Amino acid sequence: MADHLTEEQQVESIKKWWKENGMAVIAGLVIGSLALFGWRGWVEYKDTKASEAFVLYSDFQKSLAANDVDSMTKLKSQLFTDYTATPYASLVALAAAKKAVEDNDMKSAKDSLQWVLDNTRQNQIQHTARVRLIALMVNDVEYDAALALLTVKNTGGYTAVYEELRGDILLAKGDVAAARAAYDKALQSDGLSPEGRDAVNVKYADTQSAVIEKSETVK
């Protein structure tokens with residue numbers, strides 16, 4: 001009898017607990033299911049967007065090869081507007097910038113590269129765009145703007161490239177000592193190819209000679 005009462009008490013206890021907590025459990029299961037299906041839906045959505053963007057990117061490349069300016073403009077605009085977060089939009093921006101430079105349209109080239117810096121989430125693409133934009137700025141004697149663009153928290157494997165660019169800009173501004181220090185940092189960093197390292201070594205040696213000559217002139 002005691003065992004029977006114990007079972008009844010257990011059943012009643014379960015019923016009471018379910019009455020008090022059952023809705024919360026059901027809600028938790030529903031929310032968990034929605035989260036799971038929501039995540040799957042989001043992944044599928046991203047995959048779909050990426051696939052669509054890739055098709056547009058391929059069409060852009062074909063238009064670029066055919067020099068179909070109207071088609072390129074339309075496809076670029078569509079990618080920039082509807083597929084901003086995909087890497088294909090940024091790759092099109094880089095390609096558009098290259099084409100603009102070939103057409104001697106530096107403003108359009110800068111605008112495309114700036115778009116990449118403002119929108120891309122891919123570090124490699126962002127570094128590539130920054131280096132190219134700085135090169136265009138230096139070509140247009142926009143030294144201060146170029147130096148400002150070199151202020152990067154996470155340089156990744158581009159430290160040597162950035163320091164060499166900094167040295168080139170400072171040298172163009174006439175600050176030989178600071179340029180030499182930048183070249184030295186570039187040489188102390190990883191990321192330079194053997195040919196690139198040889199080139200920076202030459203620049204470093206040239207600035208060293210210039211610093212010595214300036215010092216002797218001051219005396």
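Student: Which side chain meets Asp144 in a salt bridge?
Tutor: That would be Lys173, at 3.0 Å from N to O. Keep in mind that this is a predicted model.

Student: How many salt bridges turn up in the whole structure?
Tutor: A search finds 9. One of them joins the side chains of Glu142 and Lys110, at 2.9 Å from N to O. Glu142 lies in the loop between H5 and H6 and Lys110 in helix H4, so this pair ties together parts 32 residues apart in sequence.

Student: Is Lys110 buried or exposed?
Tutor: Lys110 is buried, with a relative accessible area of 15%, whereas Glu142 is partly exposed at 31%.

Student: What about Lys107, which side chain does it meet in a salt bridge?
Tutor: Lys107 meets Asp111, at 3.0 Å from N to O. The two are 4 residues apart in helix H4, so about one helical turn separates them. Lys107 counts as exposed at 60% relative accessibility, and Asp111 is partly exposed at 42%.

Student: Switching to H5, how many residues does that helix have?
Tutor: H5 has 17 residues, 123-139. From first C-alpha to last it reaches 24 Å, close to the 24 Å expected at 1.5 Å a residue.

Student: Which helices do its buried residues pack against?
Tutor: The buried residues of H5 pack against H3 (87-102), H4 (106-119), H6 (143-149) and H7 (159-172). Among those buried residues are Ile125, Ala129, Leu133 and Met137.

Student: At what angle do H5 and H7 pack?
Tutor: The angle is about 10°, and the axes are 11 Å apart. That makes H5 roughly parallel to H7.

Student: Nice. Which residues meet there?
Tutor: From H5 you have His127, Arg130, Val131, Ile134 and Val138, and they meet Val161, Tyr162, Leu165 and Ile169 in H7. By type, the residues of this contact divide into 7 nonpolar, 1 polar and 1 charged.

Student: What happens just after H5, at Val141?
Tutor: Val141 takes a positive phi there, about 60°.

Student: Last one: where does Ala205 lie?
Tutor: Ala205 lies in helix H9, residues 194-218. Its C-alpha is 8.4 Å from that of Arg180, 25 residues apart along the chain.

Note on methods
Residues are numbered from 1 along each chain as its sequence is written. This is a predicted model: local features need pLDDT of at least 70, side-chain atom pairs count only at pLDDT 80 or more; totals for chains, interfaces and linings use all residues. Side-chain values use heavy atoms; hydrogens and water are left out. The expected span of a helix is 1.5 Å times one less than its number of residues. Buried means under 20% relative accessible area, exposed over 50%, partly exposed in between (1.4 Å probe, protein chains only). Contact means heavy atoms within 4.5 Å. Axes are lines fitted to C-alpha atoms, for helices over the stretch in contact, and angles run from 0 to 180 degrees between N-to-C directions. Angles under 35 degrees count as roughly parallel, over 145 as roughly antiparallel, 65 to 115 as roughly perpendicular and the rest as oblique. Ala, Val, Leu, Ile, Met, Phe, Trp, Tyr, Cys and Pro count as nonpolar, Asp, Glu, Lys and Arg as charged, and the others, Gly among them, as polar. A salt bridge is a side-chain nitrogen of Lys or Arg within 4 Å of a carboxyl oxygen of Asp or Glu.
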